[in-house]
2 protein chains.
Amino acid sequence: MAFSPKFDADGLVACVVTDMRNGDVLMVAHMNADALAKTIETGDAWYFSRSRRKLWRKGETSGHTQRVVEMRIDCDQDAVWIKVEQTGPGACHTGRRSCFYRAVPLGRSEAVTLEFRDGEKAFEPRTVYPADD
Amino acid sequence: MAFSPKFDADGLVACVVTDMRNGDVLMVAHMNADALAKTIETGDAWYFSRSRRKLWRKGETSGHTQRVVEMRIDCDQDAVWIKVEQTGPGACHTGRRSCFYRAVPLGRSEAVTLEFRDGEKAFEPRTVYPADD
């Protein structure tokens, strides 16, 4: 079966990033063709920032790089799943290990308030992110 | 912290679905405001099909429903992660448990060929999908 990723109208595929240590979802990012090719070639996670409109290597500013141990692609080849070895304390720019540090309580129909989970800051963002990463 | 999902230009957020049994990523889908509200209220996974332009409850045709045991939202509230109890043998319309049944080998720069992983069909799609699901 040929590798034939299906990019959306913006030239992107969604990328789910999980922690090889415990399977937690660390973040959801996007890859364009260049980011996907660089990730496959180098084994380091590269993404495309939709807000900054640029290719970036995860950790290029913070040092919190991601080494890809396995890459999967889904049935219709429009989403990628990478299992990574997360270097440093965390993946999230807020200082948490995972970007998914808040839970949405179920069973409510209105006035939903988020609940913190695993929310301790693993590092102080200001000390490692002089610019965004 | 208020729940304030950031929908994209198409009114959608990405939703990562993982298997509560082993943490595997089963699928990546999309939710519009209605799908998100129905999922939160009922605890069953509802999505928005981009191809069919309609709201659907996972498993409404196949019986392979997903019971949500936890919902998380990411730092910028544009992606959701749900941990589910997958009813029936699988989540993927091809008959596999996970949509991510193929691996992309790393270290290549061209002619990438996908490798099957956990690719045994858990069920025969034609027997459970008279229509798409």
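Select B:V17 first: its bridge partner in strand β6 of chain B is B:I82. The model is predicted, so local features are given where pLDDT is at least 70 and side-chain atom pairs count only at pLDDT 80 or more, while totals for chains, interfaces and linings use all residues. Residues are numbered from 1 along each chain as its sequence is written, and chains are lettered from A and ligands numbered from 1 in the order in which they are written.

**Strand β6 of chain B**

Next, select residues 79–86 of chain B, which form β6. Helices (H or I, at least four residues) and strands (E, at least two) are DSSP runs, numbered from the N terminus. Two strands pair if DSSP finds at least two bridges between them. Strand β1 (residues 13–19) of chain B runs parallel to β6(B), with 6 bridges. Opposite B:E85 in β6(B) stands B:R67. The hairpin of β5(B) and β6(B) has 5 residues between the strands, and there B:Q77 takes a positive phi near 55 degrees.

A residue is buried if 20 or more other C-beta atoms lie within 10 Å of its own, exposed if 12 or fewer, and partly exposed in between, with C-beta atoms placed from the backbone. In β6(B), 7 of the 8 residues are buried, so the strand is largely enclosed by the rest of the structure.

**Helix α1 of chain A**

Move to residues 33–42 of chain A, helix α1, and highlight its buried residues A:A35, A:L36, A:T39 and A:I40. Viewed down the axis of α1(A), they fall within an arc of 130 degrees (taken from the directions from the helix axis to the C-beta atoms), so they line one face of the helix. These residues pack against β1, β2, β3, β4 and β5 of chain A, where contact means C-beta atoms, placed from the backbone, within 7 Å. Just after α1(A), look at A:G43, with a positive phi of about 80 degrees.

**Residue A:R53**

Select A:R53 in the loop between β3 and β4 of chain A. Its phi is near 55 degrees, a positive value in a residue other than glycine. A:R53 counts as exposed because it has 7 C-beta neighbours inside 10 Å.

**The two chains together**

Finally, show both chains. A rotation of 180 degrees with 0.0 Å of shift along its axis superposes chain A on chain B (RMSD 0.0 Å), by least squares on the C-alpha atoms of residues with pLDDT of at least 70 in both. This is the relation of a two-fold axis. Within chain A, A:G23 comes closest to the rotation axis, at 2.8 Å (C-alpha).

Definitions and conventions:
Two residues are in contact if their C-beta atoms, placed from the backbone, lie within 7 Å.
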